[in-house]
Amino acid sequence: MDNPVNSGNDLISIENLTFSRGERKIFDDISLTIQRGKITAIMGPSGTGKTTLLKLIGGQLYPEQGIITVDGSHVHQLKRNDLYTLRKRMGMLFQSGALLTDLTVFENVAYPLKEHTSLSKSMIRTLVLMKLQAVGLRGAKDLMPNELSGGMARRVALARAIALDPMMIMYDEPFTGQDPISLGTLVKLIKNLNDTLKLTSIVVSHDVEETISIADYIYVLSEGKVVGEGTPEQIQNLDSEWVQQFMKGHPDGPVHFHYPAADYNNDLFEY
Amino acid sequence: MQNTKTQDTLVGLFVACGIAALFFMAMQISNLSAFSSNTTYTISANFENSGGLKVKSPVTLAGVRVGRVSNIFIDRDSYESVVEMSIESQYNNLPDDTSASIYTAGLLGEQYISLEPGGSEEFLATNSKIDLTQSAIVLEEVIGQFLFKDAAEE
Amino acid sequence: MTQFFQKLGNTTLSSFAKLGRSSFFLLQTLSAISSVLIRPRLLNNQLYSVGVLSFLIITISGLFVGMVLGLQGFYILSDFGAEETLGVMVAASLVRELGPVVSALLFAGRAGSALTAEIGLMKATEQLSGMEMMAIDPIKRIIAPRFLAGLLAMPLLAALFSSIGVLGGHIVGVGMLGVDEGAYWSQMQSTLDFQDDIINGVIKSIVFGFVISWIALFEGYDAIPTSEGVSRATTRTVVNSAFTILGLDFILTALMFGDI
């Protein structure tokens with residue numbers, strides 16, 4: 001059930017979000033918006049809860065405070081069935097691909113189609129082949145997930161994520177641990193798919209170079225707060241020491257090289 | 001992924017074997033086959049002492065089981081044990097002067113009721129009472145009798 | 001000293017929390033059973049992995065247990081001159097107790113641990129999360145079919161165990177030790193009651209199936225999604241199932257056979 005809110009250019013709007021895990025505040029009253037048709041990047045050091053943010057948007061986790069609106073619907077007020085309907089319009093690419101290990105590549109991509117549509121077998125076959133073609137893996141359709149390399153598994157997962165022609169895709173650390181060729185392929189795929197399928201993409205990553213090359217807008221998170229936002233050019237020129245250290249990869253800066261410790265001399269000559 | 005046809009066949013076989021085992025247990029191991037005639041009629045008998053007789057103990061005639069004990073309780077007036085028995089309907093020609101005795105099967109076996117037909121022309125019907133009864137043998141009394149008999153002789 | 005009490009309180013509270021979670025999990029699973037019946041294919045797959053693959057271990061164990069019962073029983077009974085009642089002894093032990101209990105323990109070890117490992121691994125590799133994001137309820141698609149399969153397979157396996165065991169006793173008693181064939185079966189048939197013994201044994205195995213499937217699936221679902229977490233969950237399944245089976249067996253036996 002859509003709220004009569006002007007969704008306009010913002011596909012997703014997050015307002016005053018607070019979320020904690022145990023004692024630790026993962027998000028402390030943050031607000032951000034994701035624009036339609038654009039690639040928005042969410043960056044920050046490991047462990048800032050970037051994956052948690054995607055799960056909050058998808059309704060898998062519930063915030064303590066704050067409102068998350070997706071295409072006019074307040075996510076956490078949706079009834080179960082409506083939430084599921086909304087999720088069908090969201091694609092998500094997990095870090096590990098999360099393919100079902102007992103199904104072939106073809107069956108994995110066909111899975112959401114079989115579950116949520118009543119299309120005929122031949123129609124499904126056509127669609128699956130088209131999706132696999134888009135990611136360049138049509139020839140691998142009969143392989144099992146454990147026969148795929150990491151990069152290939154992610155591409156299959158991507159094909160599965162676009163199977164139902166969603167309106168948006170969330171990428172959870174897509175570039176982590178990939179070899180240069182896979183990286184290049186993924187970067188290109190994300191950009192192409194976003195533009196040709198008119199998707200909205202959210203890329204959660206800490207790989208600066210790749211993300212900058214395709215993002216239209218970037219949010220930098222740290223310690224539960226947004227410490228910087230803007231287009232790639234704006235971010236790179238942002239007058240924040242922290243952001244600069246992160247983007248340039250300096251070993252020392254606001255995030256110190258040395259873990260807090262006692263005086264060096266005292267420690268060495270303790271006894 | 002397993003060939004689905006083989007898988008289906010194996011599952012079918014498995015379930016069939018399981019059900020066959022259940023049948024085997026019911027038929028071969030227990031007394032289900034003897035349960036066929038479920039219609040019974042009830043008769044009762046009073047005993048001074050029904051000993052170790054239990055509900056479901058067998059009731060036999062000439063060694064053949066014709067029924068089971070269905071209830072045992074006390075008659076408040078005579079202080080005797082009233083034993084109700086369910087006799088299978090097919091045995092409807094028991095004379096009404098039949099006697100009932102409590103015997104033990106084997107030395108340590110369970111106790112059962114043995115019916116001895118009389119000569120009457122009238123038959124026992126539902127809720128009839130058997131008048132001639134012989135109570136269970138209580139071991140202590142027998143030993144006691146034996147000891148006292150010996151003592152008396154001396 | 002206070003640390004000890006703190007820890008004790010902590011453990012107790014987290015045990016209660018776990019019990020609460022597992023009860024909620026059970027409710028979700030039970031309400032999802034109706035959706036399994038619409039898709040027999042899923043149930044079939046699970047019956048295969050849980051039932052068919054346990055077939056061998058159950059039948060072989062049943063055979064050996066029955067044979068041992070025949071052997072030991074014969075020697076004990078011959079002291080009383082009661083060899084004829086060997087059939088009763090073997091069948092009663094199996095149908096009332098050993099069949100349901102031993103097959104349940106074996107089931108927990110073989111199928112239960114496999115279920116926990118599978119679900120735990122799916123959780124660790126984010127497959128369960130992925131399904132949720134694809135708007136597919138993992139309880140309906142993954143958990144409920146496995147639960148139903150365990151529930152159905154257990155009584156069948158227990159029956160198989162008992163039946164093969166009785167045959168094993170026959171092989172040893174009648175075949176090797178000379179007990180009279182007729183006596184073996186007839187004594188058995190006149191003593192074992194369908195309602196009291198067979199039905200009770202089946203009821204026991206259904207209860208065991210329910211409990212084992214619940215424990216195995218929940219431990220996997222609740223596991224910490226690391227390799228260590230999954231392996232600990234698997235161990236917990238087997239251990240907790242064993243305790244529960246034996247404890248329940250006592251309670252059920254007291255309820256069922258206590259009045260005779």
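## Where chains C and B meet

Two residues are taken to be in contact if their C-beta atoms, placed from the backbone, lie within 7 Å. On that basis, the contact between the two chains takes 24 residues from chain C and 19 residues from chain B. On the chain C side, two or more residues each come from helix H2 (40-78), H3, helix H5 (138-176), H6 and helix H7 (194-222). H5(C) gives the most, with seven residues. By class, this side of chain C has 16 nonpolar, six polar and two charged residues. Here Ala, Val, Leu, Ile, Met, Phe, Trp, Tyr, Cys and Pro count as nonpolar, Asp, Glu, Lys and Arg as charged, and the others, Gly among them, as polar.

## A note on the model

This is a predicted model, in which local features need pLDDT of at least 70 and side-chain atom pairs count only at pLDDT 80 or more, while totals for chains, interfaces and linings use all residues. Residues are numbered from 1 along each chain as its sequence is written, and chains are lettered from A and ligands numbered from 1 in the order in which they are written.

Helices (H or I, at least four residues) and strands (E, at least two) are DSSP runs, numbered from the N terminus.

## Two helices of chain C

Let's look at H3(C) (residues 86-124) and H6(C) (residues 181-191), which pack at an angle of about 55° with their axes 7 Å apart. Axes are lines fitted to C-alpha atoms, for helices over the stretch in contact, and angles run from 0 to 180 degrees between N-to-C directions. The two helices are therefore oblique to each other (under 35 degrees is roughly parallel, over 145 roughly antiparallel, 65 to 115 roughly perpendicular and the rest oblique).

Leu86(C), Gly87(C), Val88(C) and Ala91(C) of H3(C) meet H6(C) residues Ala183(C), Tyr184(C), Trp185(C), Gln187(C), Met188(C) and Thr191(C).

## Strands of chain A

Strand E8(A) (residues 200-205) has five of its six residues buried, so it is largely enclosed by the rest of the structure; buried means that 20 or more other C-beta atoms, placed from the backbone, lie within 10 Å of a residue's own. Five bridges join E8(A) to strand E3(A) (residues 39-43) in parallel, with Met43(A) partnered by Ser205(A). Strand E7(A) (residues 168-172) also runs parallel to E8(A), through five bridges, and Met170(A) has Ile202(A) as its bridge partner.

Methods:
A residue is buried if 20 or more other C-beta atoms lie within 10 Å of its own, exposed if 12 or fewer, and partly exposed in between; C-beta atoms are placed from the backbone. Two strands pair if DSSP finds at least two bridges between them.
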